[in-house]
Amino acid sequence: MCGIVGLHLREPSLYPQLGALLTDMLGQMCDRGPDSAGMAIYGDRAWSPVGESTVSLLDCPVPAAELAATLSASLDTTVTGIDLHPTTILHGVVGAADLAAAVRSVVPSVRVIGFGDDLTVLKGVGNPIDLANRFGLPSASGWQGVAHTRMATESAVTAEGSHPFSVGPDQCLVHNGSFSNHMSIKHQLERDGVLFDSANDTEVGARFVAKQLAEGVDLDKALLMLNETFDGFYTLLVSTADSFAVVRDAISCKPAVIAETDQWVAMASEYRALANLPGVDNARIFEPEPEEVYVWHR
Ligand SMILES: NC(=O)CC[C@H](N)C(=O)O
């Protein structure tokens with residue numbers, strides 16, 4: 001199983017409702033992955049203020065305020081820290097990659113689970129709705145959000161094994177299914193210098209896409225390349241700083257439904273997660289075709 005939900009808002013008047021809408025969608029998918037979950041929000045101005053970058057961390061051994069004070073001194077700018085156990089969020093007027101590098105030099109054991117100009121990633125072990133409420137997801141705002149409930153197939157039930165995998169700037173990938181040739185692709189990526197954080201098969205897909213994007217390949221092409229390279233079962237939802245994309249394998253046994261209106265584009269593993277969205281009765285609703293790449297841009 002595993003449950004995927006995602007919402008790309010076109011209508012700015014809906015931005016304040018993003019977190020509430022996404023929480024409702026996530027709640028419908030709890031039974032597809034009740035043990036751990038994760039979510040990514042683009043554009044929440046408390047977590048990702050305009051003009052600042054944001055870095056999301058997992059299992060940070062230092063209180064957020066203490067780490068922020070240390071980083072503020074070393075980077076000579078104001079860094080703000082927010083504790084959302086087991087996730088920590090930091091934001092400041094410094095490049096996202098520089099902030100992440102500074103964090104790693106202060107706390108080498110920490111795991112960076114997301115970084116960018118607009119993106120906050122939150123992950124944990126436990127009931128997905130309990131986690132969402134603990135993180136404050138229902139009151140989050142923004143223009144795009146993704147959430148995932150995990151039923152582990154390829155690695156242990158841990159916070160770092162939960163999705164989204166966010167390994168490039170403002171990028172996220174969530175997956176329902178399992179890749180069957182991920183170890184050989186992982187070894188090839190490692191030979192190319194790519195480093196991994198977990199034993200999870202989905203991380204290999206995320207690293208593969210991030211590598212293509214870093215090399216200047218566009219998202220459509222990167223997902224076509226993923227189709228050509230990865231075997232196994234997958235429905236993937238991939239998001240970037242300006243895009244929202246869905247792709248499935250050739251057999252497409254992992255469910256997916258897309259709904260689209262003038263105000264939003266939404267995707268979920270099952271229709272019931274879309275049923276409460278405003279205006280869904282007038283949405284264009286369809287199941288994505290096998291090996292077809294669907295991309296919407298902001
Ligand atoms: N049930 C799933 O879809 C699992 C997704 C992925 N293979 C994982 O282990 O995290």
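Predicted model: local features only at pLDDT ≥ 70, side-chain atom pairs only at ≥ 80, totals over all residues.
Residues are numbered from 1 along each chain as its sequence is written, and side-chain values use heavy atoms, with hydrogens and water left out.

**The sheet**
- S11 (residues 243–248) and S15 pair in the antiparallel sense over four bridges; pairing requires at least two DSSP bridges between two strands.
- Both belong to an open, antiparallel sheet of four strands, ordered S9-S10-S11-S15.
- S9 and S15 (294–297) are the edge strands with a single partner each, so one side of each is left without a neighbour in the sheet.

**Around the ligand**
- The ligand is surrounded by 13 residues, and the closest include Met 1, Cys 2 and Arg 150 (near means a heavy atom within 4 Å).
- S9 (172–179) and helix H6 (201–214) each supply at least two residues of this shell, and S9 gives the largest share, with three.

**Polar contacts** (N or O pairs within 3.5 Å)
- An oxygen atom of the ligand lies 2.5 Å from a side-chain N or O atom of Arg 150.
- For the side chain of Asn 176, the corresponding distance to a ligand oxygen is 2.9 Å.
- Glu 154 uses a backbone N or O atom, 3.2 Å from an oxygen of the ligand.

Methods. Polar contact = N/O pair within 3.5 Å; in protein donor to acceptor, adjacent residues only side chain to side chain.
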